[in-house]
Amino acid sequence: MRIILSTGILSLLVAVSGFSDNSVRRFKDGFLFGAASAAYQVEGAWNEDGKGRSIWDDHFHSDPDQGPAPGDVASDSYHNYKRDVEMLRELGVDVYRFSISWPRVLPRGFSNVKNEPGLKYYDNLIDELLKYNIQPMVTIYHFDLPVVLQHLGGWANPYSVEWFEDYARVLFDRYARKVKYWITVNQPNSVCEVENYENHLARSTKGVMDYMCAKNLLLAHARTYRMYEKEYKKKYGGSIGISISVNWAEPVTNSTENVEAAEIYREFKYGMYLNPIWSKSGDFPKLVKDRVAKKSKEQGFARSRLQSLSKDDIKLIKGSADFLGLNHYTTFLTSPSKGSHPVPSFADDVSVDVTTKDEWTQSHSAWLKSAPYGLYKACLHLNKHYDYPAIFITENGWSTDKGLKDSSRSEYIQQYLKALLFAIEDGTQALGYTHWSLMDNVEWMAGTSERFGLYEVDFDSPERTRTARQSALVYKRIIQKRMVEERWTPKNLKISVSEVKTEL
Ligand code: NOJ
């Protein structure tokens with residue numbers, strides 16, 4: 001099957017109807033299903049109980065006339081965490097991926113001042129999950145840097161490595177006993193690209209080069225991994241990884257330039273983080289190093305804008321993950337850039353344009369279309385280049401408008417999980433899957449206009465009432481059966497807590 005799928009037949013299957021092979025494939029026992037969220041996007045309580053400000057609070061409150069920020073209350077999970085856990089029980093999941101808000105536990109950024117009510121909130125959430133046998137998966141950093149640290153340059157400051165390590169230690173000391181799955185950083189590639197900063201997705205690189213941030217984040221991740229490995233792992237038996245955004249990219253046509261563009265795109269967008277951790281040689285990809293060095297020279301810089309990693313750095317970073325957290329949403333088709341970009345910039349270094357196919361279903365977010373075969377191809381790419389790493393799909397999801405009848409999300413989940421089953425059959429070591437997202441939340445600059453939830457949140461109600469969408473029932477059914485029944489739709493939208501997790 002591997003050979004057949006890896007060649008033309010796969011493309012044919014995909015081009016015609018996605019994965020339309022009907023033989024029964026199942027997720028093995030031990031494969032973990034779950035749902036995901038992140039602190040700023042769901043918690044609210046932005047200035048309660050001693051919480052400090054994050055860069056997102058600061059951004060949305062910078063204009064006094066702007067009124068309340070979307071994250072001030074968000075889905076109000078700070079007060080609704082018991083209901084959140086009830087929803088997870090309704091779905092019948094094994095794991096809940098959520099993030100900890102750095103300024104909620106360390107309001108001044110540094111570990112000298114700890115905020116006990118903030119720490120207690122996460123204790124309560126973790127205990128509630130464990131009470132129902134749902135494993136917590138904690139993301140240590142999901143975009144919400146304490147604003148005080150941003151004033152010191154944020155991730156561009158080499159000392160950010162230590163700030164992060166100190167913060168992580170506070171979390172390990174408090175929760176490592178109870179939390180078995182850790183993720184250091186969510187999507188370093190989103191945090192570090194100045195283009196994203198200009199779109200306000202990741203403000204922490206303001207005024208500095210993307211590459212300084214990339215290097216510091218990698219070092220922060222690796223030092224934290226080594227600390228966990230040395231001091232906590234044996235004692236508590238947990239595992240720790242990093243989540244990287246790996247949307248598939250392939251050439252729009254098979255011309256040499258387009259094929260080259262795909263490689264450049266992949267190496268800059270995720271090879272930058274994958275290569276140092278998972279390749280045999282470690283370090284940034286050669287293609288990236290050469291390209292940035294060449295451009296930097298042409299631009300009159302005395303040295304490459306991509307700072308090199310020392311031998312010790314390379315050693316420290318290589319192998320610093322127990323699993324690869326894969327955030328995958330969509331696929332892009334590449335060609336060399338036609339327009340111009342600011343010089344210097346990450347966009348100019350990459351100089352690749354991306355497009356999509358008209359026939360791919362469009363979500364409620366401009367950037368997100370459904371192309372499930374891309375997940376299959378991304379997994380095979382990782383297997384080939386990084387020697388079959390253990391992969392946890394930490395994000396995969398779909399946006400809609402308001403409304404409970406979200407058949408496009410149901411279809412997306414079914415098709416992407418089917419693609420994952422094919423990837424597993426072809427050698428991918430997939431440990432689990434946490435769907436993005438458990439509930440509607442603040443989609444960063446898009447506010448609450450793009451709904452990613454299996455549960456709808458009524459942002460007009462003070463209680464932020466949550467209601468299961470059709471897709472919640474579809475996902476629940478997949479978890480129960482451990483397989484994808486493509487045309488299955490629920491008869492009604494009633495959902496309740498399953499007493500037995502696997503009623504086959
Ligand atoms: C990835 C990010 O981690 C998450 O915060 C965001 O909401 C989703 N993508 C959807 O855009």
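Helix α14 (residues 256-278) lies across β6, β8 and β9 and runs at about 160 degrees to β6. Here contact means heavy atoms within 4.5 Å, and helices (H or I, at least four residues) and strands (E, at least two) are DSSP runs numbered from the N terminus. The model is predicted: local features need pLDDT of at least 70, side-chain atom pairs count only at pLDDT 80 or more, and totals for chains, interfaces and linings use all residues. Residues are numbered from 1 along each chain as its sequence is written, and side-chain values use heavy atoms, with hydrogens and water left out.

**Open sheet**

- Three strands form an open sheet in the order β6-β8-β9, with mixed pairing; two strands pair if DSSP finds at least two bridges between them.
- Its edge strands, each pairing on one side only, are β6 (248-251) and β9 (352-355).
- From one strand to the next, the twist averages 40 degrees.
- Strands β6 and β8 (residues 331-336) run parallel and are joined by four bridges.
- Glutamate 250 has leucine 333 in β8 as its bridge partner.
- Helix α18 (residues 373-386) lies across β6 and β8, at about 90 degrees to β6; axes are lines fitted to C-alpha atoms, for helices over the stretch in contact, and angles run from 0 to 180 degrees between N-to-C directions.

**Barrel**

- Eight strands close into a barrel with parallel pairing, in the order β1-β2-β3-β4-β5-β7-β10-β11.
- Strand β7 (residues 324-327) runs parallel to strand β10 (residues 390-395), and four bridges join them.
- Asparagine 327 has glutamate 395 in β10 as its bridge partner.
- Helix α13 (residues 210-236) lies across β4 (181-186) and β5 (239-245), at about 160 degrees to β5.
- Helix α19 (residues 407-425) lies across β1 (32-36), β10 and β11 (429-436), at about 170 degrees to β11.

**Ligand site**

- Residues around the ligand include Gln41, His142, Asn186, Tyr329, Glu395 and Trp436, where near means that a heavy atom of the residue lies within 4 Å.
- A polar side-chain atom of asparagine 186 is 2.8 Å from an oxygen atom of the ligand, and one of tryptophan 436 is 3.3 Å from an oxygen atom of the ligand.
- An N or O atom in the side chain of tyrosine 329 lies 3.4 Å from a nitrogen atom of the ligand.
- On its own the ligand has 300 Å² of accessible area, of which the protein covers 93% (Shrake-Rupley method, 1.4 Å probe).

How values were computed:
A polar contact is a pair of N or O atoms within 3.5 Å; within protein, one must be able to donate a hydrogen and the other to accept it, and residues adjacent in sequence count only if both atoms are side-chain atoms.
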